[in-house]
Amino acid sequence: MNFVAQYLTEAATVAARIDHDAVTSLVELLADARDGGGRLFVLGVGGSAGNASHAVNDFRKIAAFEAYAPTDNVSELTARINDEGWDTSFANWLKASRLGPRDCLLVFSVGGGDLVRKVSINLVRALEYAKTVGARIGAIVGRDGGFTATVADACVIIPTVSPERITAHAEAFQAVVWHMLVAHPRLQAAPTRWESLAR
């Protein structure tokens with residue numbers, strides 16, 4: 001089997017193994033936060049930061065959900081990293097945003113953060129802070145053993161079908177899942193452009 005065929009076969013296997021109940025739980029968590037007047041804060045680093053920015057657009061435009069990502073303001077983010085450190089950059093941004101119990105975090109991550117291995121500690125600190133203020137936590141992650149999966153109220157875990165492509169599959173399927181979320185009848189508030197033109 002050539003690489004392209006293998007990759008596509010793996011992607012189909014990932015899609016088939018995603019927990020539908022976990023996706024439904026995440027839909028309900030997000031819809032309840034939005035309908036209760038809460039805001040959505042989407043957190044991610046690396047490729048997941050790019051996904052966070054795109055998802056913010058979709059949640060705002062399609063789901064009518066007030067949404068933000070700390071990585072969208074590079075000036076503030078880098079000032080916080082420079083002056084306060086990487087580990088607290090997201091948590092302090094959330095404090096300045098007055099994160100509260102009506103709000104929700106949505107974390108995009110491959111591993112979900114790990115204090116022992118010192119990976120994505122800024123996500124861990126942000127989640128710890130969110131817990132102290134009673135904010136709800138949703139996630140789409142590529143590992144069930146990371147910090148995010150242990151504290152999230154609703155978490156979709158992207159199944160590992162190839163140890164060589166955990167990151168590629170996790171980040172690709174973050175996009176698949178969040179597009180499912182904003183298109184879900186419980187969340188979608190506006191038509192998407194091309195689909196509305198086809199009618």
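This is a selection-by-selection tour of a predicted model.

**The sheet**

Begin with the strands. Five of them make an open sheet, ordered β2-β1-β3-β4-β5, with parallel pairing. Select the edges, β2 (67-68) and β5 (154-157): each has a single partner strand, so one side of each has no neighbour in the sheet.

Now select β4, residues 136-141, together with β5; the two run parallel and are joined by four bridges. Within this pair, Ala139 stands opposite Cys155 of β5.

**Along helix α2**

Keep α2 on display and start at its N-terminal end. Asp19 caps this end, with a side-chain oxygen 2.9 Å from the backbone nitrogen of Asp21. Check the length next: at 1.5 Å a residue, the 16 residues of α2 should span 22 Å, and the end C-alpha atoms are 22 Å apart, so the two agree. Just after the helix comes Gly37, with a positive phi of about 85°.

Select the buried residues of α2: Ala22, Val23, Leu26, Val27, Leu29, Leu30, Ala31, Ala33 and Arg34. Their packing partners are β1, α3, β3, β4, β5 and α8. To read the spacing of such a list, recall that an α-helix has 3.6 residues a turn, so residues three or four places apart point the same way.

**Arg34**

One name in that list is an arginine. Arg34 lies in α2. Is Arg34 buried or exposed? Its relative accessible area is 17%, and buried means under 20%, so Arg34 counts as buried. Show its side chain and the backbone of Leu187: a polar atom of that side chain lies 2.6 Å from the backbone oxygen of Leu187. Leaving out residues up to four places away in sequence, Arg34 touches Ala63, Ala64, Phe65, Arg186 and Leu187.

Ala64 is not a glycine, yet its phi is positive, about 50°. With a relative accessible area of 53%, Ala64 is exposed.

**Val56 in α3**

Move back into α3 and select Val56. Val56 is buried, at 7% relative accessible area. Its contacts, not counting residues up to four places away in sequence, are Val42, Ala67, Tyr68, Ala69 and Asp72. For a distance check, the C-alpha atoms of Val56 and Leu40 are separated by 8.3 Å, with the residues 16 apart along the chain.

**The loop between β3 and α6**

Select the loop between β3 and α6 (121-133), where Lys118 is placed. Gly113 is found in the loop between β3 and α6 as well. Lys118 is exposed, at 68% relative accessible area, whereas Gly113 is buried, at 3%. Lys118 has a positive phi, near 60°, in a residue other than glycine.

Stay on Gly113 and bring up Gly146. The two are 33 residues apart along the chain, and their C-alpha atoms are separated by 5.5 Å. Gly146 is also among the residues that Gly113 touches, beyond those up to four places away in sequence; the others are Val119, Ser120, Val124 and Phe147.

**The nonpolar cores**

Finish with the interior. In soluble globular proteins, nonpolar side chains tend to be buried together. Which residues touch the most other members of the largest nonpolar core? Out of 36 residues, they are Leu26, Leu30, Leu40, Phe59, Val156 and Leu181. Elements that give two or more residues to this core are α1 (3-17), α2, β1, α3, β3, β5 and α8. Helix α2 gives the most, with eight residues.

Select Val156 and its surroundings. Apart from neighbours within four places in sequence, Val156 is in contact with Ile18, Ala22, Val23, Leu26, Ala139, Ile140, Val141 and Val177.

Notes: Residues numbered from 1 in each chain as written. Predicted model: local features only at pLDDT ≥ 70, side-chain atom pairs only at ≥ 80, totals over all residues. Heavy atoms only, no water. Pairing = 2+ DSSP bridges. Buried < 20%, exposed > 50% of the residue type's maximum accessible area, 1.4 Å probe, protein only. Polar contact = N/O pair within 3.5 Å; in protein donor to acceptor, adjacent residues only side chain to side chain. Contact = heavy atoms within 4.5 Å. Expected span 1.5 Å × (residues − 1). Core = buried A, V, L, I, M, F, W, Y, C linked by side-chain atoms within 4.5 Å.
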